[in-house]
Amino acid sequence: MLAIVSLLPGCATAPLVQGGGLSSYDGLKPSDGKVTKSRLQVRKEQLAAAKTINIAPTVFPPNVAPTLSNEQRVLVANAVNRALCVSLSDRYKVVTPDVAADITVRAAVTRATETDEVAAGISAATSIGVSFVDTSVPIPVPRIPIGLGDLSIEAEAVDRSGKQQAAMVWGRGATAFFSTPRASKASDAYDLAGAFGDDFANLLNKGESPFEGVGIDIPSWDKIGSKMGLAPKYAACENYGRAPGIAGLVGGKLGLPPEWTDDGPKVARKP
């Protein structure tokens, strides 16, 4: 079994899919990370002058991922907005979409492949089983590299006049060693949505590619608190619901679907 698994690819293919939703694709240049592909452009000086920012609802058309349910698409789109809101709070004052801001962020999912629920469930069960083995050192257990999901998103930041100040076409696939296996078709898309939100926010916060340089980013206390399910820095971020926090971490370890631990956007919550 191990010999067969070792011959399989350890990460999902992550093509960059241009959806046609950006106001302009001019000037986009390749800027790839270790596991991420992207094309981007950014006007650093113009962004540095901005103080306020709002985030339009992320678009996730049904035809992009027809095998995912509407609930799952809403959860993934909301994960994008939540990650953007929390990370952008480190640099900008985030206001609600109905309030005019110096910069408006617009994003759309252009590709999302489903996670193989059976393979992810077996991987999670195997990891739990190994954790009970009496050893002196932890045993890393990679996922079964079958049915790994991937995600592609395009996004832009426009100023008050509608002029594009930054744009990115982004793609990343789940990996056997670093992606959490959960028994849900939307599992990998959900996790990757948060990764995209962090990457695009870093592009706007710093005015440069998040994949260049060797510096280590230390998250702010506000960001750490928000990731753990505490109140966000700005009330506008409450619209996306709070992160699952400890429940999400435990659920991930147990291989539970993100639909079970994440309540989604505030407006979608049941009374």
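At 10% relative accessibility, D199 counts as buried, since buried means under 20% relative accessible area, with exposed over 50% and partly exposed in between (1.4 Å probe, protein chains only). This is a predicted model, in which local features need pLDDT of at least 70 and side-chain atom pairs count only at pLDDT 80 or more, while totals for chains, interfaces and linings use all residues. Residues are numbered from 1 along each chain as its sequence is written, and side-chain values use heavy atoms, leaving out hydrogens and water.

**Salt bridges**

- D199 and R172 meet through their side chains in a salt bridge (3.2 Å, N to O); the term stands for a side-chain nitrogen of Lys or Arg within 4 Å of a carboxyl oxygen of Asp or Glu.
- D199 lies in helix α5 and R172 in strand β7, so this pair ties together parts that are 27 residues apart in sequence.
- R172 is buried too, with a relative accessible area of 17%.
- By the salt-bridge rule, the count comes to 11.
- Another one of them joins the side chains of D188 and R143, at 2.8 Å from N to O.
- Here D188 sits in helix α5 and R143 in the loop between α4 (117–131) and β6 (150–159), so parts 45 residues apart in sequence are tied together.
- Both D188 and R143 are buried.
- D198 pairs up with K227, and the closest N and O atoms of that salt bridge are 3.7 Å apart.
- K227 counts as partly exposed, at 39% relative accessibility.
- D198, K223 and K227 make up one network, joined by salt bridges that share partners.
- As for the general idea, side chains of opposite charge can pair when their charged atoms come close.

**Aromatic rings**

- There are 2 aromatic pairs in the structure, where rings of Phe, Tyr and Trp (its six-membered ring) pair if their centres lie within 6.5 Å, and planes under 30 degrees apart count as stacked, over 60 as edge-to-face and the rest as tilted.
- W170 and F196 have ring centres 5.5 Å apart and planes at 70 degrees, so they are edge-to-face.
- This pair links distant parts of the chain, with W170 in strand β7 (residues 164–173) and F196 in helix α5 (residues 187–206), 26 residues apart.
- F196 also pairs with F200, this time stacked, at 5.8 Å centre to centre and 15 degrees between the planes.
- F196 and F200 are 4 residues apart in helix α5, so about one helical turn separates them.
- Together, W170, F196 and F200 form one aromatic cluster.
- W170 is buried at 0% relative accessibility, F196 is buried at 0%, and F200 is buried at 0%.

**Around S31**

- You'll find S31 in the loop between β1 (29–30) and β2 (36–42), and at 7% relative accessibility S31 counts as buried.
- Leaving aside neighbours within four places in sequence, S31 is in contact with S38, L40, S209, F211 and E212, contact meaning heavy atoms within 4.5 Å.

**The whole chain**

- The secondary structure comes to 8 helices and 7 strands; these are DSSP runs, numbered from the N terminus, with helices (H or I) of at least four residues and strands (E) of at least two.
- Of the chain's 271 residues, 48% count as buried.
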